[in-house]
Amino acid sequence: MKKAVDFPVTAARRAVTLALAEDGSHDDITTRWSVPAGLRAEAEIIARQPGVASGLPLVSEVFRQLDPEVVVDELIPEGTFVQQGQAVIRLSGEARTLITGERTALNFLQRCCGIATLTKRYVDLVADLGVQVLDTRKTAPGLRALDKYAVTSGGGSSHRLDLAAMVLLKENHIAAAGGITAAINAVRAGMAAEDRSALIDVEVETSAQAVEALHAGAPWIMLDNMTVTEIGQAVQAREDIAPGRGVVLEASGGVTPELLRPIAEAGVDKVSVGALTHSAPGLDLSMRLTGTTGA
């Protein structure tokens with residue numbers, strides 16, 4: 001499996017702080033009034049369905065912010081495929097703290113594991129073809145770095161973290177600029193004026209637009225919502241117009257598991273899938289106390 005990128009520590013700390021505040025963790029009246037003060041406990045987080053582990057460090061961050069004395073042991077590495085009933089994390093500390101942090105920790109972990117699991121499904125479908133599966137910016141607001149990290153845990157590739165990462169000329173940019181060629185030329189002029197350099201990706205919706213983008217010298221072309229036949233035409237156009245130029249072709253838009261392989265077989269280099277982050281179901285996980293002492 002493709003190695004995951006480094007865990008986004010700063011983004012995790014920020015997200016956890018907001019999540020704990022949102023949950024009112026400082027005033028958990030149910031736990032404070034029902035669980036004896038001083039009671040210590042051990043607990044396990046268990047997978048209730050099979051999937052890919054991702055975001056385990058988020059659990060440590062949740063309990064670090066609640067109580068640094070809580071011990072969190074990750075029982076498996078990130079990216080591991082876990083079976084139903086398998087424990088993924090063991091915790092020990094004040095029972096009140098463990099219970100207060102339970103939902104926040106599980107919310108993060110379920111989301112990351114769900115994204116990683118869906119990504120692995122897509123990646124496995126084209127693993128023998130050498131086609132990269134990319135994510136998109138269709139992420140939960142405030143959780144982008146974590147969502148994209150989870151994609152890499154499932155073997156996918158994180159693509160364009162933010163608006164400054166690369167140029168992506170979409171239909172509205174092209175319409176406002178006066179066409180594909182005009183948009184590309186405007187971007188090149190803007191880069192020169194600011195003495196900056198960035199990769200240019202151009203979104204096209206027809207094979208004719210792909211031809212224009214190739215003639216305009218686009219190094220990366222996104223084939224958006226095109227049929228497999230149209231994608232094949234764009235691939236052939238690349239061979240005819242820009243042989244050996246290394247132009248990247250990416251397919252995007254409505255890519256389902258059923259469509260992924262035919263699209264990949266048409267000859268593209270990459271396939272971006274918004275569903276990895278906007279539609280992945282959370283992996284079913286639960287936390288259960290396994291023992292208590294004291295109080």
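Phe 7 counts as buried, at 19% relative accessibility. In this predicted model, Phe 7 forms an aromatic pair with Tyr 149, and the count of aromatic pairs comes to 1. The points below cover that pair and two further buried residues, Lys 270 and Thr 100.

**Aromatic pair**

- The rings of Phe 7 and Tyr 149 are arranged edge-to-face, with 5.2 Å centre to centre and 90° between the planes.
- The arrangement is classed as edge-to-face because an angle over 60 degrees between the planes falls in that category.
- Distant parts of the chain are linked by this pair, as Phe 7 lies in the segment before helix H1 (9-22) and Tyr 149 in helix H5 (residues 144-153), 142 residues apart.
- Tyr 149 is buried, its relative accessible area being 4%.

**Lys 270**

- Strand E11 (residues 270-272) contains Lys 270.
- The relative accessible area of Lys 270 is 15%, so the residue is buried.
- Beyond residues up to four places away in sequence, Lys 270 touches Val 131, Gln 132, Leu 134, Trp 220, Val 248, Leu 249, Glu 250 and Ala 251.
- Between Lys 270 and Arg 96 the C-alpha to C-alpha separation is 48 Å, and the two are 174 residues apart in sequence.

**Thr 100**

- Helix H4 (residues 95-125) includes Thr 100.
- Thr 100 has a relative accessible area of 14% and is therefore buried.
- With neighbours within four places in sequence left aside, Thr 100 is in contact with Asp 23, Ser 25, Asp 28, Thr 31 and Leu 66.

Note on methods
Residues are numbered from 1 along each chain as its sequence is written. This is a predicted model: local features need pLDDT of at least 70, side-chain atom pairs count only at pLDDT 80 or more; totals for chains, interfaces and linings use all residues. Side-chain values use heavy atoms; hydrogens and water are left out. Rings of Phe, Tyr and Trp (its six-membered ring) pair if their centres lie within 6.5 Å; planes under 30 degrees apart count as stacked, over 60 as edge-to-face and the rest as tilted. Helices (H or I, at least four residues) and strands (E, at least two) are DSSP runs, numbered from the N terminus. Buried means under 20% relative accessible area, exposed over 50%, partly exposed in between (1.4 Å probe, protein chains only). Contact means heavy atoms within 4.5 Å.
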